[in-house]
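Here is my notebook from an afternoon of looking around a protein structure. I went one topic at a time and wrote down what I found.

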Amino acid sequence: MRAVLTIAVALFVSTAATQVLAARPPSPKRTASALINEGNKLMRKRDYRAALARYRAAHELYPTPKIFFNMAEASIELGELVQAAEYYERFIAESGVRKRSKLRRAAKRRLKRLGKKLSRIDVSQRAVGATVFIDGTKVGTAPLSGHRVVAGTHEVVLDKAGFLTRTIQLECPAGERVAVDEALEARAPSPPPVAVAPPPPAPPPPPPPQIVAAPVEPEVDEPLTSKWWFWTAVVGAVAAGGVATALVVTRSDDFALDADLGVSSTADWERQ
């Protein structure tokens, strides 16, 4: 009876443990190991880009420097020689594998072979503090030591606040180290701003024209004797009186029509 009970308890514990393990998510190390295995299969299929992606994902989950060897192998197949050299170098320096390790010896051989195809650039202390750009990519701050580049011509730009930017076309032979030993020239201070004189004030508007009215002379009553019509009337009256006198003096019944009187009749004169 006890044996049956022991077996039942053992089966229960085993089943419970299996369920707990199944419910627990896999560890990052286990997942990274699975990704590395996938990457190795892709390398054999010559799908180097996909393999490199698996290795990088594994390193993000479980950042052991031993994965740098795999990443270097994929990079070298893709022709990314500078990146491959950096991965091999980090594997040798950080992985902690034994000096006689097969992988360590292989990494050293490949790194030496890459060194004959690549070149290195040093930027001296004379440009200290300058930001260094190589072929348009920021790579660090001066002084810079041993930056790897593919052999050939490269554009090096040194940029620092307060100094003139320096651009250098640098020839980098394979397997050699090239130094940039350039001092930066201080930028001339900006001239002070030119004071602009304010525009002269506008002249005041002219005063409105003053209209002066001519004085009106008072009317002076002239005497009647100064009027032309007065004397005309006097002369006319005198003449009329003379004629009347003449008529009175000369009037008679036997008045005869005279040639000097023109066509007027005596009756016309009498009615005057």
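The entries below go from the whole chain down to single residues.

**Entry 1: the whole chain**

I began by noting that this is a predicted model. I looked up the elements next, and the protein chain has 8 helices and 7 strands. Of its 272 residues, 25% count as buried.

**Entry 2: the nonpolar cores**

Which residues touch the most other members of the largest nonpolar core? I found Tyr 55, Met 71, Tyr 88, Phe 91 and Leu 114, in a core of 31 residues. Helices H2 (28-44), H3 (48-61), H4 (67-77), H5 (81-94) and H6 (102-115) each give two or more residues to this core. The largest share comes from H5, with 8 residues. Another core lies apart from this one; it has 17 residues, including Ala 142, Val 149, Cys 172 and Val 180.

Setting aside neighbours within four places in sequence, I listed Leu 52, Tyr 55, Arg 56, His 59 and Tyr 87 as the residues in contact with Met 71.

**Entry 3: helix H2**

I looked at the length of H2 first. This helix has 17 residues, and its first and last C-alpha atoms are 25 Å apart, close to the 24 Å expected at 1.5 Å a residue.

Which residues of H2 are buried? My list reads Ala 32, Leu 35, Ile 36, Gly 39, Leu 42 and Met 43. Looking down the axis of H2, I saw that these buried residues fall within an arc of 120°, so they line one face of the helix.

**Entry 4: helix H6**

I repeated the length check on H6. Its 14 residues should span 20 Å at 1.5 Å a residue, and the end C-alpha atoms are 20 Å apart, which agrees. The buried residues here are Arg 104, Ala 106, Ala 107, Leu 111 and Leu 114. Seen down the axis of H6, they fall within an arc of 160°, so these residues line one face of the helix. Lys 102 and Lys 112 are exposed on the face turned away from the buried side of H6.

What covers the buried residues of H6? I found that the cover includes H4, H5, strand S1 (118-123) and strand S4 (144-150). At the start of H6, I also spotted a side-chain oxygen of Ser 101 within 3.3 Å of the backbone nitrogen of Leu 103.

**Entry 5: Arg 148**

Is Arg 148 buried or exposed? This residue sits in strand S4. I needed the cut-off here: buried means under 20% relative accessible area. Arg 148 has 10% relative accessibility, so it counts as buried. Its side chain makes a polar contact of 3.0 Å with the side chain of Glu 89. Leaving out residues up to four places away in sequence, I found that Arg 148 touches Val 82, Ala 85, Glu 86, Glu 89, Leu 111, Leu 118, Ser 119 and Arg 120.

Where is the cis peptide bond? I found it joining Ala 142 and Pro 143, with omega about 5°. Pro 143 is in the loop between strand S3 (137-141) and S4.

I then looked up two positive phi values. Arg 46 has a phi near 65° and lies in the loop between H2 and H3. I noted Arg 46 as exposed, with a relative accessible area of 67%. Asp 135 has a phi near 55° and lies in the loop between strand S2 (131-134) and S3. Asp 135 is partly exposed, with a relative accessible area of 45%.

Notes
Residues numbered from 1 in each chain as written. Predicted model: local features only at pLDDT ≥ 70, side-chain atom pairs only at ≥ 80, totals over all residues. Heavy atoms only, no water. Core = buried A, V, L, I, M, F, W, Y, C linked by side-chain atoms within 4.5 Å. Buried < 20%, exposed > 50% of the residue type's maximum accessible area, 1.4 Å probe, protein only. Helix = DSSP H or I, 4+ residues; strand = E, 2+ residues; numbered from the N terminus. Contact = heavy atoms within 4.5 Å. Expected span 1.5 Å × (residues − 1). Arc of directions from axis to C-beta. Polar contact = N/O pair within 3.5 Å; in protein donor to acceptor, adjacent residues only side chain to side chain.
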